[in-house]
Amino acid sequence: MKNKIIMFWVIIVLTLISIFVIHSMPTRLGLDLKGGSRIVLEAQTTETIPKVTQDMMDALKATLDRRINPQGISEITIQQIEDKRLLIEIPTDSDLKEVRRKLSEIAELEFKKPILDENGNVLSWESSGLTGKDLEKAAVDTDEAGKWVIKLSFNAQGAKKFAQLTKEFRGYPIAIYFNGEMLSEPVVKQEIIGGQAQISGDYTHERAKADVDLLNAGALPVPAKILEENAVSPTLGVDSLNKSYVAGFIGLVFVMLFMLFWYRVPGLIADIALIIYSLITFAVFKITGVTLTLAGIAGFILSIGMAVDANILIFERTKEELKSGRTLFTAINAGFDRAFTSIFDSNMSTIITCIILYFLGSNIVKGFALTLAIGVVVSMFSAITVTKNFMHLMFGTGQLKHPALFGLKESDINEAYEVSETQREKAKFGVLD
Amino acid sequence: MSYSVLNTKKIIDVVKYRWLWLTISFLLLIPGVIAMIYSVIQYPTHSPLRVGIDFTGGSIIQYSVSENVSSENVSDIRAKLVEHNVENPVIQVLKPSTSDSENSIKYILSIKTKFAEENQSEEIEKITEIIHTDYPDAQVVQTNSVGPVLGQQLFINSMIAVTLALLGIIIYLTIRFHFEFALAAILALCHDLLFVLGVFSILGLVAGVQIDSLFVTAVLTVLGFSVHDTIVVFDRIRENNKFYAKKATYDDIVNASVNQTLARSINTSLTTLITLGALYFFGGVTTKDFVLVMILGIAIGTYSSIFFASTLVAWWNDVVMAKKAGNN
């Protein structure tokens, strides 16, 4: 009995810790519940890039990160998921228009030099060797007329190239190309040594700002194509979350009423165990950093179903043992031990399924498998430890005096029990003789 | 009455009426199987179920709108989209819930089209513009675009996952029970699977319901639950067989075991169905089909664990016994 009381306090402390954890740690919600976007990109091989290397992927990732998260403040994550694929997750933003543009722009800046005829007229343009790679920084600025311009600062090498170029073509135009499109063709008035240049065009502030971000992020080392995109607006996310809460709550209340009605006092104990179970499971989600998605919540709710099942198995078995005339203490123990093989085997098969799903499933499926597996493991603990402990403390030993407590009738109870006792240690592993 | 445990109230005689139970199973499965065969012939994808964009590739864009969209308006929108070269648009209007709270979404207009390989982003923006001409308050609440390559990969991965899960369960049950139990459990599982797939095949034909990766998750859960249910009954047969193998026939043991676990089987299914029912009626619109799969699966899983799996085990035993007798 002393052990039982110690165990009781352990359960209480665990529950309190769980409440504390739930209260103090934030819930990590998936994009489908808080809104946001997910994009899967794949790097494309081209004629010039026959093979995508890991270095290119790293560079691609870094460039995209600088592009969509120039200040580095938002919670955007980019991770490589396969050899050639990147997964981008953008919380709370479901408007992909801007993001798509940022992802697809090539952002190739190039200065071109003129090919001149004998009269000094421009025949065509050719590459000067000065590109976006020689850039140190781009910024939005205004010119004397108050128009928006992009100010370019070259690095040492770029400044040298630029000085050379302006020296060679003094008095002639040079061209600035961005993404294959000529932005301007200023005439060089003098050699420029400081490594500063400016692009003037008919810029709006937004456009200038967007291009500056692209220039600062640099060109993509390898072109990338969108394979998959998902976006959920925060409105829909909140809607789904609220509905899941309501559904979960209603479901739980009905299940608890059912248990109370059918199993009476043990049902009440199961209900309390169920609440403790839910608290511990939720706390484990938070501690292990599980991201809750709609599928994850479904997994959790399903695991509640399995936790209840464990209790039902035990109670049905205990009832049978009582009917056979056992005393309370042995009937409860026998009920638990006999039900345990069923619970263990059925939960193991669920866990096997979960493991396979976790490693092979898509993202949605993974979330589901994880919450279900955690739920099933916790449910074994709650059914075996919590319910059993409470049952023993509540009923103690001796004969069952009030069969109605278990939803039984006096006439259901038989005198003798003819099956020989099973050794408890053996029963746990399914050996019953 | 020292023989009491085996003489518990017999509510159902599973062994005696085995042909009846097998016929019921057959009748439950046959419409779905016919629907699947019909679908394989009928659909351009040659799949037994109507597969969604998760597996075939495509785009679904969903808009929240404040007023209901009548079927005339739907055909209007479709005509406009086709006019603007949107390929084969499928339009649906969803009603997310019955709740009237201010912030909840009233109606969802869902548009499905092909995945545009080259200019996917412009395609979506074009559709949004077209919708905005008729429904200026429409807001994109969800977009989902999957390229065809990724879709096929997901499908193959899902199939591998299902196969491995089945194998894992067979191995586990063979170790813990006997091979015939594993076989019966797997047959019961296929029974449940076939039923659920059949119903969704019919729904695909009748109501255009499509399956997505959430569907696969739900099916896998059903598999887990089906085995869960079957194991409980088998566990009881295993236990009773230890004690009564010499005192009673195998058929009696199976019958008694099924009846002893009957209350548990029904109560567990009931409680799970209660939670699922709550999810179905009060949960989000996105998980409705997902929950429906589980409701169907758990209902049929309970049936099969009582009437199908145990019948098979008893039958197997009869056949083995007859063989042994024949050999002697």
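Reader: What makes residues of chain B and chain A count as part of the contact?

Author: Two residues are in contact if their C-beta atoms, placed from the backbone, lie within 7 Å. The contact takes 66 residues from chain B and 63 residues from chain A. This is a predicted model, in which local features need pLDDT of at least 70 and side-chain atom pairs count only at pLDDT 80 or more, while totals for chains, interfaces and linings use all residues. Residues are numbered from 1 along each chain as its sequence is written, with chains lettered from A in the order in which they are written.

Reader: Happy with that! Which element gives the most to the side of chain B that touches chain A?

Author: That is α7(B), with 16 residues; helices (H or I, at least four residues) and strands (E, at least two) are DSSP runs, numbered from the N terminus.

Reader: How do you know that β11 of chain A pairs with β4(B)?

Author: Two strands pair if DSSP finds at least two bridges between them. Five bridges join strand β11 (residues 224-232) of chain A to β4(B), so they pair, running antiparallel. A:Ala231 stands opposite B:Thr143 there.

Reader: Why is A:Thr293 called buried?

Author: A residue is buried if 20 or more other C-beta atoms lie within 10 Å of its own, exposed if 12 or fewer, and partly exposed in between. A:Thr293 has 23 such neighbours, so it counts as buried. This residue lies in the loop between α7 (234-288) and α8 (294-323) of chain A. Leaving out residues up to four places away in sequence, A:Thr293 touches A:Asp32 and A:Ile364, among others. A:Asp32 is 261 residues away in sequence, yet 6.3 Å away in space, C-alpha to C-alpha.
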